[in-house]
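Visitor: I am new to this structure and would like to learn how to read it. Could we take a few features in turn?

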Amino acid sequence: MEHAAHDTEERMEAALDTLRKAGHRITAPRRGLLTVLTSEHGPFSAEELHKLLPEGMCDPVTVYRSLSALEETDLVRRCDFGDGIYRYEFNTGEHHHHHIICRKCGSVNNLEVCFADSLERLVRQMGYANVTHTLEIFGTCAACQAAAKA
Ligand SMILES: [Zn+2]
Ligand SMILES: [Zn+2]
Ligand SMILES: [Zn+2]
């Protein structure tokens with residue numbers, strides 16, 4: 001997904017504002033993580049994010065701690081692809097989506113449709129509050145199918 005540069009800057013400013021208001025300090029690693037996550041969709045594992053940060057900025061433990069601060073303030077969303085590795089993406093809020101993940105190469109594409117609205121309505125009628133859902137779809141991508149045939 002591509003965004004105009006000014007969109008990225010706006011997201012960044014809004015995110016820093018959210019962190020400040022929640023009482024979190026704006027540390028260099030937090031700023032660095034937000035820079036990566038607002039400019040690229042990902043989702044990225046903590047290890048990948050650590051590699052994407054400027055070299056020597058911080059250790060992996062700091063990346064984990066910073067990510068939980070960002071998650072706590074709803075700035076990032078954690079994705080679980082069922083392989084035991086958590087991946088993180090910027091939570092744009094206005095733009096709910098799901099992922100299709102290739103089992104072979106791990107490539108991730110966005111699915112811009114969601115059919116879960118009626119399910120959420122149903123559980124609200126059952127008396128539940130704070131209803132959310134996660135849904136990730138898995139398959140073998142066209143490139144991997146072609147490679148297997150070759
Ligand atoms: Zn693939
Ligand atoms: Zn996503
Ligand atoms: Zn959905």
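Visitor: Is His 98 buried or exposed?

Guide: This is a predicted model, and the answer comes from the relative accessibility of the residue. A residue counts as buried under 20%. His 98 has 3%, so it is buried.

Visitor: How does His 96 count, by its relative accessibility?

Guide: The class between buried and exposed ends at 50%. His 96 counts as partly exposed because its relative accessibility is 41%.

Visitor: Which residues are the protein donors of the zinc ion (ligand 3)?

Guide: To read a metal site, list the donor atoms and then look at their distances. Here they are NE2 of His 96, NE2 of His 98, SG of Cys 114 and NE2 of His 133, at 1.9 to 2.2 Å from the zinc ion. Along the chain, these donors of ligand 3 have the spacing H-x1-H-x15-C-x18-H.

Visitor: Why is the arrangement around the zinc ion (ligand 3) tetrahedral?

Guide: The angles decide. Four donors count as tetrahedral if all angles lie between 85 and 135 degrees. Around this zinc ion the four donor atoms subtend 105 to 112°, so the arrangement is tetrahedral.

Visitor: What is the order of the strands in the open sheet?

Guide: To read a sheet, go across it from strand to strand. The three strands of this open sheet come in the order 1-3-2, and the pairing is antiparallel. Its edge strands, each pairing on one side only, are strand 1 (44–45) and strand 2.

Visitor: How many bridges join strand 1 to strand 3?

Guide: Two bridges join this antiparallel pair. Ser 45 stands opposite Arg 87 of strand 3. Five residues lie between the strands of their hairpin, where Gly 82 has a positive phi near 75°.

Visitor: Which strands does helix 2 lie across?

Guide: For packing, note the strands involved and then the angle. Helix 2 (residues 28–39) lies across strand 1, strand 2 and strand 3, at about 75° to strand 3. Helix 4 (residues 60–72) also packs on the sheet, where it touches strand 2 and strand 3, and its direction makes about 110° with that of strand 2.

Visitor: How far apart in space are Ser 118 and Cys 102?

Guide: Separation can be read along the sequence or through space. These two are 16 residues apart in sequence and 27 Å apart in space, C-alpha to C-alpha. Ser 118 belongs to helix 5 (residues 117–125). With a relative accessible area of 46%, Ser 118 is partly exposed.

Note on methods. Residues numbered from 1 in each chain as written. Chains lettered and ligands numbered in written order. Predicted model: local features only at pLDDT ≥ 70, side-chain atom pairs only at ≥ 80, totals over all residues. Heavy atoms only, no water. Pairing = 2+ DSSP bridges. Helix = DSSP H or I, 4+ residues; strand = E, 2+ residues; numbered from the N terminus. Contact = heavy atoms within 4.5 Å. Axes fitted to C-alpha atoms, helices over the stretch in contact; angles between N-to-C directions. Donors = N, O, S within 2.8 Å, 3.2 Å for Na, K, Ca; no water. Tetrahedral: all angles 85-135°; square planar, octahedral: opposite > 155°, others 65-115°. Buried < 20%, exposed > 50% of the residue type's maximum accessible area, 1.4 Å probe, protein only.
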